[in-house]
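I opened the notebook with the sequence and the model side by side. My plan was to look up a few things and write each one down.

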Amino acid sequence: MAALRFSANLSWLFPELLGLPARLRAAGSSGFEAVEVAWPYAEPPEVLARAAREAGLRLVLINTPPGDQEKGEMGLGAVPGRQAAFRQGLEQAVRYAKALGCPRIHLMAGRVPQGADRRAVKAEMEMVFLENLRHAAGVLAQEDLVGLLEPINTRITDPQYFLDTPQQAAAILQKVGRPNLQLQMDIFHWQIMDGNLTGNIREFLPIVGHVQVAQVPGRGEPSSPGELNFPYLFQLLEDEGYKGFVGCEYQPQGDTVEGLSWLRSYWDRRGHPEVASEGLHTTHMPLDSE
């Protein structure tokens, strides 16, 4: 069984550092070989690509743009009347993904419109989402990219988000029926919405293209106090043959580097996997424990 490969989510980790280039350097110095970032669009892609190369990192995931956040938008994929803006955002995301060598784009579904009843607009939003996803699948296929759908919990994090369970996302993926669209499994959100993580991981892992982790309910490090037994979950992912990346998308409870002791322990036990298995030959700066 191969060891899991971890990516640092730079939208969450190293919050004390301003700007993605500084966070890229910190991730490389901490032993990561891969990173992900929600929205890299504040920086020119060439600047980020150069910073990633210098840090010995590859970018493995970005999101489509959120839309107009001042108006409360958080993605546009399923939002009626915003199809043109979604497609423009997709084009921007593809440009960045190509420049950064990033193979995956999270296609954000977005929120139920303010004041609307979720049940009343569900059918229309799903129809819009299916239309946008079919378009996105064609665009991404031309560039050999993968699109991901991520359910986000509506109990704590985002009560208005349209896509909130793995069952809903899997059903939509089945209706679209495109092989380059996959499921993004954020264990934090899945636990809050449905629990049954062992069963859900085993059921849905065949269509999962990316995993993210954080403790529940505080969204801290996997080693922080909470509901989830991450050594068990990591072993389960190994046993089930998961080959993708595990994104560290959590809120550090203190210093980011000190909080990575859980990951150093994993690397000490299982070895530090090489990203070269995906065709990228890099070196990383050793950790003190290596």
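**Aromatic pairs.** I began with the rule: rings of Phe, Tyr and Trp (its six-membered ring) pair if their centres lie within 6.5 Å; planes under 30 degrees apart count as stacked, over 60 as edge-to-face and the rest as tilted. A search of the whole structure gave me 11 aromatic pairs. I picked out Phe32 and Trp267, an edge-to-face pair with 6.0 Å centre to centre and 75° between the planes. Where do Phe32 and Trp267 sit in the chain? Phe32 is in the loop between helix H1 (20–29) and strand E2 (34–36), while Trp267 is in helix H9 (residues 261–270). The pair links distant parts of the chain, 235 residues apart.

**Ground rules.** I noted that this is a predicted model, where local features need pLDDT of at least 70, side-chain atom pairs count only at pLDDT 80 or more, and totals for chains, interfaces and linings use all residues. Residues are numbered from 1 along each chain as its sequence is written, and side-chain values use heavy atoms, without hydrogens and water. Helices (H or I, at least four residues) and strands (E, at least two) are DSSP runs, numbered from the N terminus.

**The barrel.** I followed 8 strands that close into a barrel in the order E1-E2-E3-E4-E5-E6-E7-E8, with parallel pairing (two strands pair if DSSP finds at least two bridges between them). Leu148 has Gln182 in E6 as its bridge partner.

**Two helices.** I looked at H7 (residues 197–204) and H8 (residues 230–239), whose axes come within 11 Å and cross at roughly 20°. H7 and H8 are therefore roughly parallel to each other (angles under 35 degrees; over 145 is roughly antiparallel, 65 to 115 roughly perpendicular, the rest oblique). Which residues meet? Leu197, Thr198, Ile201 and Arg202 in H7 meet Tyr232, Leu233, Leu236 and Leu237 in H8 (contact means heavy atoms within 4.5 Å).

Most residues other than glycine have a negative phi, and most peptide bonds are trans. I found that Phe14, not a glycine, has a positive phi of about 55°. Phe14 lies in the loop between strand E1 (5–9) and H1. I also found a cis peptide bond from Val216 to Pro217, with omega near 10°. Pro217 is in the loop between strand E7 (208–213) and H8.

Key: Axes are lines fitted to C-alpha atoms, for helices over the stretch in contact, and angles run from 0 to 180 degrees between N-to-C directions.
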